[in-house]
Amino acid sequence: MSTANSGPKIAAIAGAGPAGLTAALELLRRSNVVPLIFDLDTQVGGISKTVNYRGNRMDLGGHRFFSKSDWVMRWWQEILPIAEDIAGSRETTRISYQRQSHEFRPQKLAATSSDAVMLVRQRLSRIYYRRRFFDYPLKLNAGTVTNMGLLETARIGFSYGQAQLQPRVPEASLEDFFINRFGDRLYRTFFKDYTEKVWGVPCSEISAEWGAQRIKGLSIAKALTHGLKTPFRSARDTAQRNTETSLIERFLYPKLGPGQMWEEVARRIALQGGTIRLQHRVVGIERNDSQVTAVTVRDEGTGVVSRVRCDHFVSTMPVRDLVALLQPNDQRVIYVADRLPYRDFMTAGLLVRKMRATTRQSAGGPRANGMPPDNWIYIQEPDVKIGRLQVFNNWSPAMVADPETIWLGLEYFCRVGDELWSMDNARFLEFAAGELERIGLLDRRDVLDGTVVRVPKAYPAYFGEYREFGRVRSYLDRFSNLYPVGRNGMHRYNNQDHSMLAASRAVDAITGTGGEKSSIWDVNAEDGYHEEIDEVSWKAAL
Ligand SMILES: Cc1cc2nc3c(=O)[nH]c(=O)nc-3n(C[C@H](O)[C@H](O)[C@H](O)COP(=O)(O)OP(=O)(O)OC[C@H]3O[C@@H](n4cnc5c(N)ncnc54)[C@H](O)[C@@H]3O)c2cc1C
């Protein structure tokens with residue numbers, strides 16, 4: 001696949017995730033530059049894809065559609081309008097995400113089919129610990145005290161007092177950071193295991209600065225104030241009924257999962273003359289000192305390698321891989337990029353007939369088949385490896401082929417090549433079902449079917465050599481027609497909207513209609529909301 005120098009300008013794009021697809025559609029809308037997308041996967045959507053397993057749809061991680069950007073909100077609705085009952089009935093709709101909210105006016109756009117819509121969903125998630133459900137965010141209320149027991153609650157209070165009187169000085173590690181704010185006992189009860197599960201690194205080896213940057217607004221005083229204002233509510237009250245309206249989290253969600261958005265975008269790209277080559281991996285980059293001139297691409301099916309001349313190169317592939325292909329002369333750049341840390345992720349999709357209805361269920365209680373009402377549940381039990389449990393039925397009923405069944409996602413944070421990652425699928429499914437059985441949520445004999453999805457580099461991490469990332473960025477910045485965008489593309493905790501905004505800025509720079517290329521790096525530079533924070537934000541909201 002070689003193209004001549006004359007003819008239309010070509011933007012080669014590595015990756016058909018939210019960033020790559022947004023860049024392509026925007027190029028088609030705003031310019032004559034022809035986008036050519038390559039993705040090594042067999043389907044579009046990147047980490048935001050939906051995996052369809054025998055009619056049951058899996059969302060890898062649970063993707064809430066929320067953005068503070070009006071541009072993104074309009075963009076999404078133009079692709080998938082809000083379901084008519086909402087668009088027709090409300091003047092404005094408010095969605096919210098981790099203490100941020102956004103009012104928007106649903107656009108009254110006709111959907112191409114009754115399935116091609118976005119739903120407005122209300123979040124419910126709880127913490128499962130000591131075989132009991134705790135509110136999320138954790139609250140100092142009757143339910144919590146009952147679950148913990150009076151003695152343990154008193155111990156936690158005592159340990160908190162001790163930490164206030166004798167804080168750890170200097171506050172060097174994330175462990176010090178947590179203990180100084182919550183006391184040793186609460187840290188060990190709620191923070192330590194989960195944080196270490198997510199990151200795979202002991203809290204004592206993570207810098208305190210990381211905590212300060214990433215976990216804003218931590219304060220037990222706030223929790224106490226909140227607790228005293230709303231003393232000892234009944235556990236049932238946690239079903240959002242008594243929660244201030246402004247605190248209820250609502251988000252948009254494509255009826256058939258997040259990938260539906262990106263499949264529809266891909267369809268439009270193809271209709272408008274763009275090209276998407278799936279199962280094509282970018283394996284080489286030709287460059288001079290200031291420009292990328294061509295990429296080489298391998299067809300993962302046939303092994304055939306082809307060269308594609310390009311005028312622009314938008315990269316959403318991991319920075320580590322991009323730098324390796326650029327082959328810098330500066331050995332330090334190679335060293336740092338090669339050691340950028342990532343956390344990987346696995347999900348077991350389990351189709352079950354019923355779940356065990358556990359006692360002390362708050363928030364509306366389970367259904368007759370034992371299905372909890374949550375979108376997802378944080379599993380805080382130290383004797384299992386599972387991190388979160390998704391209940392896909394509660395994201396959108398259309399995610400499940402048979403409404404009589406429960407479609408679960410058992411999420412594990414891991415490392416490529418580690419024990420979990422290397423387990424064969426059948427064993428992993430057995431293992432995952434066994435974990436749910438052990439913590440009392442499932443009988444293994446009620447499992448009907450299952451599948452496993454592995455997501456390498458799900459989380460770009462900010463440890464270790466990341467501190468020298470500036471050096472890598474400076475190197476990438478020298479290529480005037482290279483645009484690293486997206487989540488792994490920028491090694492940043494970008495949500496979909498951030499990836500899209502970065503892609504839009506790349507298109508601004510390509511078409512000469514916006515700011516400097518360097519402004520791409522400003523997207524999400526200040527934001528305090530990321531889904532990683534979310535995983536510890538119940539602590540932040542204590
Ligand atoms: C557990 C979890 C929960 C999340 N929850 C939310 C949420 O609630 N809301 C939200 O908005 N976001 C959420 N996100 C973030 C969201 O998934 C990402 O922001 C988004 O998918 C990033 O889009 P992207 O295009 O930048 O990158 P990706 O989605 O990673 O896409 C990059 C693409 O590049 C391809 N690629 C890589 N290397 C090559 C190569 N050499 N050649 C060709 N192709 C290549 C990959 O196959 C992939 O398809 C979550 C993420 C995770 C892991």
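Predicted model: local features only at pLDDT ≥ 70, side-chain atom pairs only at ≥ 80, totals over all residues.

Me: What makes Q327 count as exposed or buried?

Reply: The cut-off for exposed is over 50% relative accessible area. Q327 has a relative accessibility of 57%, so Q327 counts as exposed.

Me: Where does N524 lie, and what is its phi?

Reply: N524 lies in the loop between α17 and α18 (531-540). N524 is not a glycine either, and its phi is positive, at about 65°.

Me: Which peptide bond is cis?

Reply: The bond from V169 to P170 is cis, with omega near -5°. P170 belongs to the loop between α5 (150-165) and α6 (174-182). For comparison, most peptide bonds are trans.

Me: How do you know whether strand β19 is enclosed?

Reply: Strand β19 covers residues 406-414, and nine of its nine residues are buried, so the strand is largely enclosed by the rest of the structure.

Me: Which residues of β19 point one way, and which the other way?

Reply: I406, L408, L410, Y412 and C414 point one way, while W407, G409, E411 and F413 point the other way; all of them are buried. In a regular strand the side chains alternate between the two faces of the sheet.

Me: What makes β16 and β18 paired with β19?

Reply: Two strands pair if there are at least two bridges between them. Strand β16 (residues 342-352) is joined to β19 by nine bridges, and strand β18 (residues 388-391) is joined to β19 by four. Both counts therefore meet the cut-off of at least two. β16 runs antiparallel to β19, and so does β18. As examples, M346 has Y412 of β19 as its bridge partner, and V391 has L408 of β19.

Me: Where does V400 lie, and why is V400 called buried or exposed?

Reply: V400 lies in the loop between β18 and β19. Its relative accessibility is 8%, which is under 20%, so V400 counts as buried. Leaving aside residues up to four places away in sequence, V400 touches G55, N56, N393, T405 and W407. The C-alpha atoms of V400 and M58 are separated by 9.0 Å, although these residues are 342 residues apart along the chain.

Me: What makes β11 and β21 edge strands?

Reply: Five strands form an open sheet in the order β11-β2-β1-β15-β21, with parallel pairing. β11 (275-278) and β21 (482-484) each have a single partner strand, so one side of each is left without a neighbour in the sheet. Neighbouring strands of this sheet are turned by 15° against each other on average, direction ignored.

Me: How do you know that β2 and β11 pair?

Reply: Strand β2 (residues 34-39) and β11 share four bridges, and the cut-off is at least two; therefore they pair, in the parallel sense. F38 stands opposite R277 in β11.

Me: How do the axes of helix α1 cross those of α17 and α10?

Reply: The axes of α1 (residues 18-30) and α17 (residues 496-511) come within 8 Å and cross at roughly 40°, and this crossing is right-handed. By class, the contact of α1 with α17 has eight nonpolar, five polar and three charged residues. The axes of α1 and α10 (residues 258-271) come within 10 Å and cross at roughly 35°, and this crossing is left-handed. By class, the contact of α1 with α10 has nine nonpolar, one polar and one charged residues.

Me: How many disulfides does the model have?

Reply: A disulfide requires a pair of cysteine sulfur atoms within 2.5 Å, and by this rule the count comes to zero.

Terms used
Residues numbered from 1 in each chain as written. Heavy atoms only, no water. Buried < 20%, exposed > 50% of the residue type's maximum accessible area, 1.4 Å probe, protein only. Axes fitted to C-alpha atoms, helices over the stretch in contact; angles between N-to-C directions. Left-handed = near helix turned anticlockwise from the far one by under 90°. Nonpolar A, V, L, I, M, F, W, Y, C, P; charged D, E, K, R; others polar. Contact = heavy atoms within 4.5 Å.
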